Amino acid sequence: MRSIFCSAAIGALLALLWCAVPINAGPQDIVYAHPAQLVSITLTRLNMYCMGTGSPTVVFDAGWEDWSASWALVQGSVAKWTRACSYDRAGAGFSDPGPMPRTSVRIADELHEALRRAGMDGPYVLVGHSFGGYNVRAFADRYVNDVAGMVLVDGEDGDVESQRDRLANDRAFETYIKQLRKCRDALAAGRALPVLGARHGHGGIACPRQFFRGLPERRFSDALNAAILAVVNSKIALYDEVISEMAEMPWDEEYLIRSRRSLGKRPLRILTAQNHYDDTSHTGIALHRKHTSAETALAHVQGRWLSLSSNSEQIFAYASGHYIQLDQPNLVIDAIRSIIQEWRTNRVQGHSGS
């Protein structure tokens, strides 16, 4: 197990510059503006986007308040050398609503069933961003024999943070859920969506700004942004989904703490963002030091996942905020590629990943 930099051989500065080379989704991201394959499973239908051919199949799960479009800068590149599938969780994007509560275990079971019914048999390389990390880990816990490897993209880390921090986050969840219910109830009543957190007519965030990392997303085309906004401004089931997912996060964390399923020798790549505060050369020295200290602490917390596999690496994304797949998509693509190459090499040599 080891932690690695983007490119240690050329030094931190050059690594930062190389990893920050932009990839723009451009017009090709229009695929995510429409439903693709609606797969019928028990009690709902999930919208799936599958591209490319080959094995193992790469399966993407987006973060909380996100869906398939989150992977617009990554999935197409991965599909050039294997099958790649993203999907909208039940209630999100173009998927139908699903049964409640929306726990990571339920989500994992639904994804597994959808993949099988769509003819996408394993093994799978699981890629989860933020809350999606809970879901892919629950998937691996329940179907480890179907897993070839895993990539956690700045994963939600409630299961490895201190109990004090976890309890503080749980309290914050309760406050945030109340805010989201205002959005949901206004939509259900046919009222204009409120501005959350506004006081005395100033400040606050409009409901659509809660989704992804704020809409419109600068890395998406205008057509995709318009399609996402149409969903956010009309789909009550979306709000029901995200409210339930957040309400169940403490349960998800306890599940993952109890299970602690080992991946054995299966490769695990942990991508940790290191610029959550969007610091620049104009950021004050004292404030930058404070942010650096917080980023270092986060890196140590996420580093606790290294013990989940005897074949694990932690990769630092120094030019990224929470959305590494949008800020430094090459890091995500390269992590996936390394797992696929290792799996194919082991298959030829007859080695097992268990």
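Analyst: Contact means heavy atoms within 4.5 Å. This is a predicted model, in which local features need pLDDT of at least 70, side-chain atom pairs count only at pLDDT 80 or more, and totals for chains, interfaces and linings use all residues. Residues are numbered from 1 along each chain as its sequence is written, and side-chain values use heavy atoms, with hydrogens and water left out.

User: What covers the buried residues of α8?

Analyst: The cover includes α3 (104-117), α4 (131-142), α5 (163-188) and α7 (236-247). Helices (H or I, at least four residues) and strands (E, at least two) are DSSP runs, numbered from the N terminus. Buried means under 20% relative accessible area, exposed over 50%, and partly exposed in between, with a 1.4 Å probe and protein chains only. In helix α8 (residues 249-259), the buried residues are Met249, Asp252, Glu253, Tyr255 and Leu256.

User: What puts these residues on the same side of α8?

Analyst: They cover an arc of only 160 degrees around the axis, and therefore lie on the same side of α8. The arc is that of the directions from the helix axis to the C-beta atoms. In general, an α-helix has 3.6 residues a turn, so residues three or four places apart point the same way.

User: Why are α5 and α8 called roughly antiparallel?

Analyst: Their axes come within 10 Å and cross at roughly 155 degrees. Angles under 35 degrees count as roughly parallel, over 145 as roughly antiparallel, 65 to 115 as roughly perpendicular and the rest as oblique; α5 and α8 are therefore roughly antiparallel. The contact is made by Arg166, Asp170 and Phe173 of α5 with Met249, Pro250, Glu253, Glu254 and Ile257 of α8.

User: Why is His129 called buried?

Analyst: His129 has a relative accessibility of 1%, so it counts as buried. This residue is found in strand β6 (residues 124-129). Leaving aside neighbours within four places in sequence, the contacts of His129 include Asp61, Trp71, Val153 and Tyr323.

User: What makes Arg213 and Glu217 a salt bridge?

Analyst: A salt bridge is a side-chain nitrogen of Lys or Arg within 4 Å of a carboxyl oxygen of Asp or Glu. The closest N and O atoms of Arg213 and Glu217 are 2.7 Å apart, and the pair forms a salt bridge. By this rule the count comes to 21 salt bridges. Glu217 is buried, at a relative accessible area of 3%, whereas Arg213, at 25%, counts as partly exposed.

User: Which parts does the salt bridge between Asp327 and Arg213 tie together?

Analyst: Their closest N and O atoms are 2.9 Å apart. Asp327 lies in helix α10 (residues 324-327) and Arg213 in the loop between β9 (205-206) and α6 (222-232), so the pair ties together parts that are 114 residues apart in sequence.

Note on methods:
Axes are lines fitted to C-alpha atoms, for helices over the stretch in contact, and angles run from 0 to 180 degrees between N-to-C directions.
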